[in-house]
Amino acid sequence: MPALTPQSILEGRRTNRTPVPLIIGLVVSGICLLLALAFYLATGEPVGVLVGTLLALPTAVVLVGLILLVDRLEPEPRLHLLLALGWGGGVAIVGALIVNSLGGAVLELAIGPDAGMFVTMAVVAPVVEESFKGVLLLLVLWWWRHEIDGPTDGIVYASLCGLGFALVENVLYYMRGFEGPQGEFWLTVLVRGVIAPLGHPLYTALTGLGVAYAATHRGAGRFLAVVAGWIGAVLLHGLWNGSTAFGLPGLLFAYAVEAAVLVVMIVVLVRDRRRLVGLIRTYLPAYVPSGLVQPDDIRMLGTMAGRRQARHWARRQAGGTGVRAMGDYQLAATELALLHDRARLGTIDPHAFHARREAIVGLMRAAATAFMRRLPQAPPPPWAVRQQQSGFFAPPSNLHVARLPSLPPQSVPPRGPGRPGQQWPPR
């Protein structure tokens, strides 16, 4: 069997093949996206569809960039992120179009056109749309729970799913607006594309927070967290949709609430970034005796500027091989800290912990080896200002397998998943 690639190791896969559930999800999302496009072309003018697409894309590109910017310290697998974007723009859109249309027709017959339209917009649509988007997050929780290491990951997956939904939905609104009065058309573009482009990503991010809690905790509270997050997403979505019936005051109130939620999300992201840096500083010092990392490496890994400086140095010294090796080393070190935190929380069993750690440590050693083979006489790295030492710059012979920590005390949770009385993780 061929050796695992660095990407396979970082993603916790046992083979280099793309997981079948991921392939199925991408295919289904693509088919649904084509069905949505066919529906747009069948119900509108091709020129309107083209104009709507061209107007919707810039906002989506900017927001995707911002989401990826948030996801730099411990980036998620690109295919998983593509699935989140495609699910929102494909599966969730098609499902919402069908259910909202049927529900709206039934309500209009039951309570009248005006009341039926309002209930569909303010109640049915939020429930349906947040449910279809939330299914993606539940699938990630089920199949790739290990990829969700904290609130940031939940927000990233949820925001991309919501953004995919908003992108394709905006094409529909712009297409229909293009066929009407120009004043209303440009107002729609202004509101959906400029003033309030974060609606769907923000709604679904609440569900993402609940899913992130479920992925990183044990006990019955996990289920309640997911339900609470989904309810929050539905309520915020319904508030925005229903505010249009109350004119400008209602719209301003809903906008203010969304702005407050956005501020809370930013605070959560900042705190989670600090938490991740704290994990690196807490767990990696135990690996200093092995030579895998040095104190200066830990300081470098704790800031985006330090990581960037290290990659630039590696590129100058050893070209593409150097920067790839440094990138693998940095990401593997981050995953190692997160692995210890999962052990502390008791969300990974002992055998899985040791197997995962062996793979991550092996990747860090392989990265250092690849760099040393490419440039055995490189100058001291600039981030190692105190001791002029680095685990990344250490020859393979200087790395000591026997000095790997059994596990630092912080990694032992109060209660483990092993047998009663068994210490976890075992020493």
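1. The largest cavity is lined by Ile148, Asp149, Ala215, Thr216, Leu338, Asp341, Arg342, Leu345 and Thr347, where a cavity is a set of points, on a 1 Å grid over the protein atoms alone, at which a 1.4 Å probe fits but cannot get out, and lining residues have an atom within 4 Å of a point. Two or more residues of this lining come from each of helix 9 (199-216) and helix 13 (304-345), helices being DSSP runs of H or I of at least four residues, numbered from the N terminus. Helix 13 provides the largest share, four residues.

2. This is a predicted model, in which local features need pLDDT of at least 70 and side-chain atom pairs count only at pLDDT 80 or more, while totals for chains, interfaces and linings use all residues. Residues are numbered from 1 along each chain as its sequence is written, and side-chain values use heavy atoms, with hydrogens and water left out.

3. The volume of the largest cavity is about 60 Å³, a volume being the space filled by probe spheres set on grid points that are joined across faces, edges and corners. The count of cavities of 30 Å³ or more comes to one. By class, the lining of the largest cavity holds four nonpolar, two polar and three charged residues, with Ala, Val, Leu, Ile, Met, Phe, Trp, Tyr, Cys and Pro taken as nonpolar, Asp, Glu, Lys and Arg as charged, and the others, Gly among them, as polar.

4. Turning to open spaces, the largest pocket has a volume of about 1200 Å³; a pocket is an open set of points with protein on both sides within 12 Å along at least five of seven lines. Its lining comprises 43 residues, and Met121, Glu169, Tyr173, Arg192 and Asn241 are those nearest its centre. Helices that each supply at least two residues of this lining include helix 3 (46-70), helix 8 (182-195), helix 10 (221-243) and helix 11 (247-283), whereas the largest share, nine residues, comes from helix 7. The lining of the largest pocket divides into 24 nonpolar, 13 polar and six charged residues.

5. The second largest pocket has a volume of about 840 Å³, and among its 25 lining residues Glu11, Gly12, Arg13, Arg14 and His146 are the closest to its centre. Helix 1 (6-10), helix 6, helix 13 and helix 14 (350-374) each give at least two residues to this lining, with helix 14 giving the most, four residues. In terms of class, the lining of the second largest pocket has 13 nonpolar, five polar and seven charged residues.

6. Which helices pack at an angle of about 155°? Helix 5 (residues 91-111) and helix 6 (residues 113-143) do, with their axes 8 Å apart, the axes being lines fitted to C-alpha atoms over the stretch in contact and the angles running from 0 to 180 degrees between N-to-C directions. Helix 5 is therefore roughly antiparallel to helix 6, a description that applies to angles over 145 degrees. Residues that make the contact (heavy atoms within 4.5 Å) include Gly95, Val99, Gly103 and Leu107 of helix 5 and Gly116, Val124, Val128 and Phe132 of helix 6. This contact has 14 nonpolar, six polar and three charged residues.

7. Helix 3 and helix 7 pack at an angle of about 165°, and their axes are 7 Å apart, so helix 3 is roughly antiparallel to helix 7. Their contact divides into 19 nonpolar, six polar and no charged residues.

8. The axes of helix 2 (residues 20-43) and helix 4 (residues 78-89) come within 8 Å and cross at roughly 35°. In this contact, Leu22, Gly25, Leu26, Ser29 and Leu33 of helix 2 meet residues of helix 4 that include Leu79, Leu83, Gly86 and Trp87. By class, the contact of helix 2 with helix 4 has seven nonpolar, five polar and no charged residues.

9. Lastly, Pro197 lies in the loop between helix 8 and helix 9. Leaving aside residues up to four places away in sequence, Pro197 touches Thr59, Leu63, Val191 and Arg192. Pro197 and Thr59 are 138 residues apart along the chain, and their C-alpha atoms are separated by 7.2 Å.

Technical notes. Angles under 35 degrees count as roughly parallel, over 145 as roughly antiparallel, 65 to 115 as roughly perpendicular and the rest as oblique.
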